[in-house]
Amino acid sequence: MSDPLEKFIEENRQKFDADTPDPRVWEKIREKMNPQAGKQAPVRSLPLKRWMVAAAAAVVVGAAGILYFSQKTSSRIT
């Protein structure tokens, strides 16, 4: 062991191994390693605001189409 760090670790191993983390820490680590265990993924739906924006866009496009074709047909008649 020529490395001073390795020598220090070997001489003080009991001090390093004496402390153990709280069991809750291990539970959190297990949950992060296996997130599917015991939990179901939440079902996400589009918020109401997005549906309203999509509906408004459809109405605007529809109205623009109706106006475009009504102008085109009225110009043929006269």
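Colleague: Where do Glu27 and Arg30 lie, and how many residues apart?
Modeller: Both lie in helix 3, three residues apart, about one turn of the helix. Helices here are DSSP runs of H or I, at least four residues, numbered from the N terminus.

Colleague: What does Glu27 form with Arg30?
Modeller: A salt bridge, with the closest N and O atoms 3.1 Å apart. That term means a side-chain nitrogen of Lys or Arg within 4 Å of a carboxyl oxygen of Asp or Glu.

Colleague: What should I know about the model?
Modeller: It is predicted: local features need pLDDT of at least 70, side-chain atom pairs count only at pLDDT 80 or more, and totals for chains, interfaces and linings use all residues. Residues are numbered from 1 along each chain as its sequence is written, and side-chain values use heavy atoms, leaving out hydrogens and water.

Colleague: How many salt bridges does a search of the whole structure find?
Modeller: Three. Among them, Asp22 pairs with Arg24, with the closest N and O atoms 2.7 Å apart.

Colleague: Is Arg24 buried or exposed?
Modeller: Arg24 is exposed, because its relative accessible area is 62%. The cut-offs are under 20% for buried, over 50% for exposed, and partly exposed in between (1.4 Å probe, protein chains only).

Colleague: New topic. Where is Asn12 found?
Modeller: In the loop between helix 1 (4–11) and helix 2 (13–18). Asn12 counts as buried because its relative accessibility is 16%.

Colleague: What lies 3.0 Å from a polar atom of its side chain?
Modeller: The backbone oxygen of Phe8.

Technical notes: Helices (H or I, at least four residues) and strands (E, at least two) are DSSP runs, numbered from the N terminus. A polar contact is a pair of N or O atoms within 3.5 Å; within protein, one must be able to donate a hydrogen and the other to accept it, and residues adjacent in sequence count only if both atoms are side-chain atoms.
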